[in-house]
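I opened the model to look up a few points about its helices and charged pairs. My entries are below.

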Amino acid sequence: MRAKAIWTRVWTSRSRSTDATLTAATNVTVAIVGLCTGIASARLLGPHGRGELAAIQTTPGAFATLAMIGVPEALVYFSAQQGGDAGRYLGTAIALALTACIPFSAVAYLAMPLMLRAQTTNVILDARLYLMIAPLYATVGMMYVPLRGTGDFAAWNLLRLVLPASALAVLATAFVLGCATPAFVAFGNLFCTGLLFIPCFFTLRKRLRGPYIPDSAKIAPILRYGFPCMMTGLPQMLNLRLDQMLMAVFLPPRQLGLYVVAVAWSGSVSPLLTSIGTTLLPAVASADNHTRASARMSEGVRMTALLAIAVCALVAAISPFAIRSLYGVRFSGAIPAALILIPAAGVLGVNFSVQEGIRGFGRPYLVFRAELLGLAVTAISLVLMLRPFGIIGAAVASMLGYSTVAVALLASAKQIAGTSMASLLVPRPAEMKRGVMRIAAAARDIGTTPA
């Protein structure tokens with residue numbers, strides 16, 4: 001009975017501290033499950049097979065992300081501003097994204113042999129089939145997006161747990177059946193993504209007011225907000241994935257497999273960092289005046305920066321031992337790249353908070369400008385360093401690109417908020433104490449629920 005009462009309190013809460021705490025807990029859970037998934041896939045497939053799995057999923061996933069044309073970001077924004085109309089925004093967003101999937105998927109299908117030139121014919125064929133992820137992103141992946149905008153973080157976080165758990169189940173199934181191949185794992189994940197429709201459907205019926213039919217009057221606002229986000233998404237996605245995409249063209253699968261493990265391990269710092277930024281867009285967008293919106297963004301960025309320093313230092317310290325122990329000695333070659341990518345992931349976490357704050361002000365084109373500058377630095381660095389230095393060169397290129405984005409974003413945030421750079425980055429002692437007290441209060445509020 002007590003567990004049920006606690007869950008009821010979490011499920012109905014609309015407190016910012018509770019939302020942030022719940023999101024952080026969910027992010028940590030996702031990270032733990034993701035770490036287990038990464039370890040299992042590395043041990044089951046080995047460096048070569050892990051590289052092939054990345055080749056099958058990375059390029060189609062990149063095209064599918066672009067095919068969303070910035071609609072998910074627009075859906076969060078308008079759901080936060082006009083929560084009573086979120087159902088119609090959802091229906092319109094799905095219709096727009098499905099339409100955009102057609103040309104993007106066609107281009108991706110034709111380009112796949114060139115994009116995966118260093119891979120086998122079977123890997124290229126599997127990657128083409130994996131393009132089915134695009135319509136799944138446009139439908140199933142879109143369904144729980146408005147819950148974040150309406151502040152329904154309990155339902156949003158719950159649905160976010162489904163796919164990581166199913167990915168681990170796919171690997172367990174592959175092990176039990178003796179079918180541990182890159183293709184089996186990739187298409188098992190694709191199937192599970194489709195199954196996510198079931199919990200999304202029943203959750204939306206109870207948590208988001210309909211109707212969910214497209215509304216032509218909402219197409220223009222979504223596109224006006226979404227187009228800059230899409231343009232931002234292109235350099236942003238390339239900043240995150242260009243290194244792996246170029247490796248699939250120029251380097252053998254084993255090198256790609258080592259780099260994927262380095263990226264996965266460095267990504268263990270992200271869950272805590274993004275938990276703050278996740279709440280910023282709706283918090284800033286729903287603020288009743290500019291001063292309060294600026295204060296919310298500045299506080300979120302400051303706390304993310306502090307958290308990034310602490311988490312990255314800890315993860316870097318344990319990396320050599322952890323990678324050998326968890327992934328196996330075959331992946332020892334991933335350690336140097338991981339030690340570069342860990343601080344890069346910290347910068348990326350701060351970037352996320354700044355971006356969400358800027359989007360909350362309705363200025364997504366500023367994020368696009370910053371990501372475009374970062375992409376230019378990343379691309380030039382990869383051209384100069386990928387072939388001579390391999391995965392180390394790719395890691396350095398990522399660090400340089402993320403840092404360039406950070407400088408540009410902070411300059412824009414400083415101008416929007418009308419504050420100093422120190423105010424954006426340097427936490428205040430009283431603020432740190434208040435943050436700890438908020439988290440404790442949220443946990444106590446949940447834990448003291450009567451049975």
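Predicted model: local features only at pLDDT ≥ 70, side-chain atom pairs only at ≥ 80, totals over all residues.

Entry 1, helix α4.
I looked up α4, which spans residues 86–115 and has 30 residues. I found its end C-alpha atoms only 38 Å apart, short of the 44 Å that a straight helix would reach at 1.5 Å a residue. I then looked for a bend and found one of about 35° at tyrosine 109. Proline 113 follows within four residues of that position.

I took α15 (residues 270–278) against α18 (residues 335–360) and noted axes 8 Å apart at an angle of about 10°. Angles under 35 degrees count as roughly parallel, and α15 and α18 are therefore roughly parallel to each other. On the α15 side I listed Leu273, Thr274, Ile276, Gly277 and Thr278. They meet Ala345, Gly346, Gly349, Phe352, Ser353 and Glu356 in α18. By class I noted 4 nonpolar, 6 polar and 1 charged residues in this contact.

I searched the whole structure and got 5 salt bridges. One of them joins aspartate 85 to lysine 218, with the closest N and O atoms 2.6 Å apart. I placed aspartate 85 in the loop between α3 and α4, and lysine 218 in the loop between α12 and α13.

Note on methods
Residues numbered from 1 in each chain as written. Heavy atoms only, no water. Helix = DSSP H or I, 4+ residues; strand = E, 2+ residues; numbered from the N terminus. Expected span 1.5 Å × (residues − 1). Bend = angle between axes of the 7 residues up to and from the residue. Axes fitted to C-alpha atoms, helices over the stretch in contact; angles between N-to-C directions. Parallel < 35°, antiparallel > 145°, perpendicular 65-115°, else oblique. Contact = heavy atoms within 4.5 Å. Nonpolar A, V, L, I, M, F, W, Y, C, P; charged D, E, K, R; others polar. Salt bridge = Lys/Arg side-chain N within 4 Å of Asp/Glu carboxyl O.
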